[in-house]
Amino acid sequence: MKAVCADDFLTDIIDLNPKIAIQAFKDLVLNRKNPAMDEFQVLESFRKNGLNQTADYLHALL
């Protein structure tokens with residue numbers, strides 16, 4: 001067992017099942033209320049919070 005950063009962990013999870021990961025991301029976007037954001041705004045929020053690889057990976061899958 002080894003510690004990994006959140007970005008690496010999330011990209012590994014997405015890699016395990018991209019179809020479910022994309023659906024979960026789309027659900028997250030649809031349920032985002034205050035403020036409402038579209039997919040690209042959520043991805044930008046991920047990047048601002050240090051999840052660059054995760055945002056890039058999800059963007060490539062969309």
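A residue is called buried here when its relative accessible area is under 20%, exposed when that value is over 50%, and partly exposed in between. Threonine 54 has a relative accessible area of 2%, so it is buried. Keep that cut-off in mind as we walk through this structure, which is a predicted model.

**Threonine 54 and its side of helix 4**

Let's stay with threonine 54 for a moment. You'll find this residue in helix 4. What does threonine 54 touch, not counting residues up to four places away in sequence? The list is Asp7, Leu10, Thr11, Ile14 and Phe46.

Leucine 58 is worth a look of its own. This residue, also part of helix 4, has a relative accessibility of 4% and therefore counts as buried. Leaving aside neighbours within four places in sequence, leucine 58 is in contact with Ile14, Ile22, Phe25, Leu43 and Phe46.

**Helix 1 from the inside**

Threonine 11 is a handy example from helix 1. With 11% relative accessibility, threonine 11 counts as buried. Setting aside neighbours within four places in sequence, its contacts are Gln53, Thr54 and Tyr57.

**The largest nonpolar core**

In soluble globular proteins, nonpolar side chains tend to be buried together. So which residues make up the largest nonpolar core in this model? There are nine: Ile14, Ala21, Ile22, Phe25, Val29, Val42, Leu43, Ala55 and Leu58. Helix 2 (18-31), helix 3 (39-48) and helix 4 (52-61) each supply at least two residues of this core. Helix 2 gives the most, with four residues.

Take valine 29 from that list. Apart from neighbours within four places in sequence, valine 29 is in contact with Met37, Asp38, Glu39 and Val42.

**Out on the surface**

Val4, Phe9, Leu10, Ile13 and Leu16 form a nonpolar patch on the surface, and together they have about 460 Å² of accessible area. Leucine 16, in helix 1 (residues 6-16), shows this well: at 70% relative accessibility, it counts as exposed.

Lysine 48, in helix 3, is another exposed residue, with a relative accessible area of 68%. The C-alpha atoms of lysine 48 and alanine 60 are separated by 18 Å, and the two are twelve residues apart along the chain.

Here is how some of the residues discussed here line up:

| Residue | Relative accessible area | Class |
|---|---|---|
| Threonine 54 | 2% | buried |
| Leucine 58 | 4% | buried |
| Threonine 11 | 11% | buried |
| Arginine 47 | 23% | partly exposed |
| Aspartate 56 | 43% | partly exposed |
| Lysine 48 | 68% | exposed |
| Leucine 16 | 70% | exposed |

**A salt bridge and a cis bond**

Two residues in the table belong together. Side chains of opposite charge can pair when their charged atoms come close. How many salt bridges does the count come to? The count comes to one. The side chains of arginine 47 and aspartate 56 meet in a salt bridge, at 2.9 Å from N to O. Arginine 47 is partly exposed at 23%, and aspartate 56 is partly exposed at 43%.

One last stop is the backbone. Most peptide bonds are trans. Which two residues does a cis peptide bond join here? They are asparagine 34 and proline 35, and omega is about 0 degrees. To find the spot, look for proline 35 in the loop between helix 2 and helix 3.

Methods:
Residues are numbered from 1 along each chain as its sequence is written. This is a predicted model: local features need pLDDT of at least 70, side-chain atom pairs count only at pLDDT 80 or more; totals for chains, interfaces and linings use all residues. Side-chain values use heavy atoms; hydrogens and water are left out. Patches are made of residues with over 30% relative accessible area and no salt bridge: like charges are joined within 9 Å, nonpolar side chains (Val, Leu, Ile, Met, Phe, Trp, Tyr) within 5 Å. Accessible areas come from the Shrake-Rupley method with a 1.4 Å probe; for residues, only the protein chains shown count as cover. A salt bridge is a side-chain nitrogen of Lys or Arg within 4 Å of a carboxyl oxygen of Asp or Glu. Buried means under 20% relative accessible area, exposed over 50%, partly exposed in between (1.4 Å probe, protein chains only). A nonpolar core is a set of buried Ala, Val, Leu, Ile, Met, Phe, Trp, Tyr and Cys residues joined through side-chain atoms within 4.5 Å. Contact means heavy atoms within 4.5 Å.
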